Amino acid sequence: MRSRLKALREASELSPATVADHTGWSISKLTRIEKGEVTVQPLEVRALLQYYGVDDENEVAALAKLSQASRARQWYSKHRLAGDFQRFVAYESEASVINIWQVLFVPGLLQTEEYARAITALSMRRSPDDKEVLARVRLRMDRQQAFRERLGRPDPPRIVAVIDESVLRRPVGGRDAQRRQLDHLLDLAADKAAYTIAVTPLDLVHHSGLGGTFELLQFGGREHGDVLFVEAAAGTDSLTMEPEMTGLFRNLLSDLLTYGRSGDDALELIRSVRASLPTP
C-alpha cells in the first residue's frame, strides 16, 4: 500500500509539501506513511485518494481495506486493550515527545521487568505470577520495546519524565529490586537524546504535581494536537485532546521541570539515593 500511495501522489503531480498543507499533517508524517513506518486510517486513505483525483472505487476500497489490516497488525493488537487506554497506547506509539509526571512509582516506560511485576502485583493485590499481572507487565515491556525501535528511525521520539523523590526511595519489590531499578534509570539517562529524567525533591515548597500523575503526548509538526492521559484506579482512565486541558497540564509540567532537579543535578540525586541503600 505504501508504494502505491506514493505513486498515486506523484502521478497527481502533488509535492509532499502541498499534500501536507492540505491535510494539516507534517511532511515528516506523510513521508513516514509512504515508507510504511506509520499507519493511516481508512478514512484518511479515502480522503487522500480523493485529493489525488483517484475515482476508481475498486482501488479506493482495496487500499482502504489494506489500511485497516495494517492498523490491525500494530504490535499492540495482540494485547486485550479497550477504550481510552487502547487509544492512549496507539497515540503513545506515534508521539514525538512523551512527557510523564509520576508521584507514586517509576513510570512504566522506565521500569525494569522485575520492578514492573512487583508494582503491578501490589496495585492489583495479586501474586506477581498471576496471569493478569504478567499480561500487564508484558504490555509494558512491549511499549518500551516499541519506543526503543523508533529510536533508530528518522525523527526519533524522546521521553521527558519527572519523578518525585519519594518514588526513588520506595523499596518496591525489596531493596535489591530498588537498587537495580535505580541503576536502570541511570543507564537510560546516559542516552540524553532519548531520555530526560528530572526529580522533584521532597523538600520542594512550590510543588504543582500533588494533584496526580499524568502523561502528555506531543507530536511533531502540525500532524496532531497534544494528547493528555490520566491513569486512575477502578478503570476510570481519562484521555483528552481538549486544548484547554492539554495547555493546563503543559504548564504544570513546565512548573515541575522548573522547580525540580534536572540534568546532572537529578542524576546526582538518584546516585545519592542509590548510595544510601543498605549494603546487601
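Leaving aside its neighbours within four places in sequence, which residues is Leu 110 in contact with? Bear in mind that this is a predicted model, then select Leu 110 and look around: its contacts are Gln 144, Ile 159, Ala 161, Ile 163, Gln 181, His 184, Leu 185, Leu 188, Tyr 195 and Ile 197.

Now widen the selection. The largest nonpolar core has 43 residues, and Leu 110 is among those with the most contacts inside it, along with Ile 98, Ile 159, Leu 168, Leu 185 and Ile 270. Then pick Leu 8, Leu 14, Val 40 and Leu 49: they belong to a second, separate core of 16 residues.

Show the strands and you'll find six of them in an open sheet, ordered 3-2-1-4-5-6 with mixed pairing. Strand 3 (195–200) and strand 6 (238–240) sit at the edges with a single partner strand each, so one side of each has no neighbour in the sheet. From one strand to the next, the twist averages 10 degrees.

Zoom in on strand 1 (residues 97–102) and strand 4 (residues 214–218), which run antiparallel and are joined by five bridges. Click Ile 100, and its bridge partner in strand 4 is Glu 215.

Last stop: the largest pocket, with about 1,300 Å³ of space. Select Phe 85, Ser 123, Arg 136, Arg 140 and Glu 231, which lie nearest its centre among 40 lining residues. Finish by colouring helix 8 (131–150); helix 8 gives the most to this lining, six residues.

Definitions and conventions:
Residues are numbered from 1 along each chain as its sequence is written. This is a predicted model: local features need pLDDT of at least 70, side-chain atom pairs count only at pLDDT 80 or more; totals for chains, interfaces and linings use all residues. Side-chain values use heavy atoms; hydrogens and water are left out. Two strands pair if DSSP finds at least two bridges between them. Helices (H or I, at least four residues) and strands (E, at least two) are DSSP runs, numbered from the N terminus. Axes are lines fitted to C-alpha atoms, for helices over the stretch in contact, and angles run from 0 to 180 degrees between N-to-C directions. A nonpolar core is a set of buried Ala, Val, Leu, Ile, Met, Phe, Trp, Tyr and Cys residues joined through side-chain atoms within 4.5 Å. Buried means under 20% relative accessible area, exposed over 50%, partly exposed in between (1.4 Å probe, protein chains only). Contact means heavy atoms within 4.5 Å. On a 1 Å grid over the protein atoms alone, a cavity is a set of points where a 1.4 Å probe fits but cannot get out, and a pocket is an open set with protein on both sides within 12 Å along at least five of seven lines; lining residues have an atom within 4 Å of a point. Grid points are joined across faces, edges and corners, and a volume is the space filled by probe spheres set on the points.
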